[in-house]
Amino acid sequence: MTSQTTTAAASGTWTLGDRTVNRIGFGAMRLTQHGEAFAADALPRDRDQAISVLRRALDLGVNHIDTAAFYFSPLRSANELINRALAPYPHDLVITTEVGPGRDPSGRWLPHAAPGQLRGQVEENLRQLGRDHLDVVNLRIVGTDSIAERFGALAELRTAGLIRHLGLSNIRPHHLAEAQAIASVVCVQNMYGLGASPEQQELLDHCGEQHIAFVPFYAIAGTGRTAGATTDHSREVHAIARAHGVSAAQIRLAWTLHQGSHVLAIPGTGDLDHLAQNVAAGSLRLSQEELAALDPSATGRPE
């Protein structure tokens, strides 16, 4: 590593539960395949390439990785790649996993897990990662129904020592309140990025007020979602990217980080160059004028 290399430390830090992480992390969803995540005909990524990306991420100071047992493509599993590349794990590495959804071996989506099935999902993540406990487990939600039984089941697994901290994913505000009545929540992982709705912004701000990490997904992909980074950038994004000599995707990521010191980004890639660009985005500092040009509603929020 040269003195000119930008590392994840440039993004600042946040205390996630009882662990300090750099605010630029790594999402493993796209690590296992080329093209769209979860596509039935996805071409598996070269194993050595994926392992190289994971190891380089740690070289660049990434110490927060987001993964799940259902992140897999034909021949490749994100958890098993992480295990192969990084075990024995560094003491400062935080691995966040997600439960709730599931896929069968063919890749077909299964109904979301009932409370009694969550232990099996937690144990599957433990086996694949080669660990005896999980740092953070997010319960992913679909719909607006009560999550009390499911979150309560995870809280019991935390008491049993299988989980260190709990989080939530894809939630509505009332889910957070419901979960907090059962056990502490260290992070909320929801869709968020440029063009976020007022409701999405309100949840981000609410998490900041309660000192809960907010972890946006699709911050770069935007409307592209599982297909990957959007190419639908505004004139303002392109203009500010040119002014900084960076890509439009890096500006979108930097903008997201400017929305609060509790925001933890988890951009994912299987490409070494894109990885370096994502990490470098954490060092970009946007002016109030640039923030206003990108999204007027973003001005005045604490960074």
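## Terms and basis of the model

A residue is called buried when its relative accessible area is under 20%, exposed when that area is over 50%, and partly exposed in between, as computed with a 1.4 Å probe on protein chains only. By this definition C207, at 0% relative accessibility, counts as buried.

The model is predicted: local features need pLDDT of at least 70, side-chain atom pairs count only at pLDDT 80 or more, and totals for chains, interfaces and linings use all residues. Residues are numbered from 1 along each chain as its sequence is written, and side-chain values use heavy atoms, with hydrogens and water left out.

## The sheet

Helices (H or I, at least four residues) and strands (E, at least two) are DSSP runs numbered from the N terminus. Two strands are taken to pair if DSSP finds at least two bridges between them. An open sheet is formed by 7 strands in the order β3-β6-β9-β12-β13-β14-β15, with parallel pairing. Since β3 (26–27) and β15 (213–217) stand at the edges, each with a single partner strand, one side of each is left without a neighbour in the sheet.

Strand β14 (residues 187–191) pairs with β15 in the parallel sense over 5 bridges, and V188 stands opposite F214 in β15. Strands β12 (residues 134–140) and β13 also run parallel, joined by 6 bridges; here V136 stands opposite H165 in β13. Strand β13 (residues 163–169) is mostly covered, with 6 of its 7 residues buried.

## Helix α2 and its surroundings

Two packed helices are described by the angle between their axes and the distance between the axes. In this report, axes are lines fitted to C-alpha atoms, for helices over the stretch in contact, and angles run from 0 to 180 degrees between N-to-C directions. Helix α2 (residues 78–86) and helix α3 (residues 118–129) have axes that come within 7 Å and cross at roughly 35 degrees. Contact means heavy atoms within 4.5 Å; N79, E80, I82 and N83 of α2 make it with N125, Q128 and L129 of α3.

The buried residues of α2 are A78, N79, L81, I82, A85 and L86. They lie on the same side of α2, because they cover an arc of only 160 degrees around the axis, the arc being that of the directions from the helix axis to the C-beta atoms. These buried residues pack against α1 (47–59), β6, β8 (76–77), β9 and α3.

## Cysteines

A disulfide is a covalent bond between the sulfur atoms of two cysteines. With a disulfide taken as a pair of cysteine sulfur atoms within 2.5 Å, a search of the whole structure finds 0 disulfides. C187 is in no disulfide, and the nearest cysteine sulfur, that of C207, is 9.1 Å away. C187 counts as buried at 3% relative accessibility.

L204 is placed in helix α6 (residues 198–209) and is buried, with a relative accessible area of 0%. Leaving aside neighbours within four places in sequence, L204 is in contact with Y192, F214, Q259, H262 and V263. L204 and Q259 are 55 residues apart in sequence and 8.4 Å apart in space, C-alpha to C-alpha.

D295 is found in the segment after α10 (288–294) and counts as buried at 14% relative accessibility. Leaving aside neighbours within four places in sequence, D295 is in contact with L194, G195 and W255. The C-alpha atoms of D295 and D205, which are 90 residues apart along the chain, are separated by 16 Å.
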